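We will visit a few stops, one selection at a time.

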Amino acid sequence: ALVYYWKLSDVIIYGPDLVTSNGEAVLSGSALAQLTLGTHELTLAVSDGIVAVEDGMTLTIDNSPPTVGCSGAGTYQAGTDTVHLGGTVTDFDGDTLQWSWWNGPVLLGAGSVHSAAGGATTELPRMQITTGLAAGAQLGLGTHVLQLQVSDGVSATATCEAIVNVV
C-alpha cells in the first residue's frame, strides 16, 4: 500500500493516509483551513515502505466573496405596517462582514456580523422600517427598491434587493 502526507515547509499538514485505489493523494479541506490567504509551496510525499518520493506544488488560496439573501419584500399599509427587513449571509472564509440597507442614496441602517467559516448561513439583525406620511417615517407612499449590501473588505460587495410597496 502507498502511504502519503502533505507538508508545508517541514510541517506535516495532512496525513499520513493511504493513496486511494484511483491513485489519488487527497488533501482535505480541513488541512487547508489552517492556511492563510496567499501562495503556499506544498510538498506531497509518497512511500511504499521501501522507496519514498516527493513532489512540490504551488497552492494559491484566494478570498471567497460573501453571498447574501434578502427578506422583507411585500406590500405594506402606510402608517400602519412596519417593514421588517432581514437578510442572510454566507462567507466561506468566516470573515467579519459589514452590512448596510439602502433606499437609493439614503442609508437605513448598518452594522457588522462575524460569519461562520465554511459557508454556514448567518442571520443578519432584523431592521424595523416605519411607513407613512408623517414626519419621521422612513418609507413614504410608493414603490421602494431597498438594497442590502454586504462586504468582507476584500472581495466585491454582494447585494440583493427587497421591493417594498407602501400603499
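**Stop one: the pocket**

Select Leu32, Ala33, Ile61, Phe92 and Asp93: among the 15 residues that line the largest pocket, these lie nearest its centre. A pocket here is an open set of points on a 1 Å grid over the protein atoms alone, where a 1.4 Å probe fits, with protein on both sides within 12 Å along at least five of seven lines; lining residues have an atom within 4 Å of a point. The volume is about 330 Å³, counted as the space filled by probe spheres set on the points, which are joined across faces, edges and corners.

This is a predicted model: local features need pLDDT of at least 70, side-chain atom pairs count only at pLDDT 80 or more, and totals for chains, interfaces and linings use all residues. Residues are numbered from 1 along each chain as its sequence is written, and side-chain values use heavy atoms, leaving out hydrogens and water.

**Stop two: the disulfide**

Now select Cys70 and Cys160. They form a disulfide (cysteine sulfur atoms within 2.5 Å), with their sulfur atoms 1.8 Å apart. Cys70 lies in strand β5 (residues 67–71) and Cys160 in strand β13, so the pair ties together parts that are 90 residues apart in sequence. Strands are DSSP runs of E, at least two residues, numbered from the N terminus. The torsion about the S-S bond of Cys70 and Cys160 is about 90 degrees, so this disulfide is right-handed.

Is Cys160 buried or exposed? Cys160 is buried, at 12% relative accessibility. Cys70 is partly exposed, at 26% relative accessible area. Buried means under 20%, exposed over 50%, and partly exposed in between, using a 1.4 Å probe and protein chains only.

Conventions: Helices (H or I, at least four residues) and strands (E, at least two) are DSSP runs, numbered from the N terminus.
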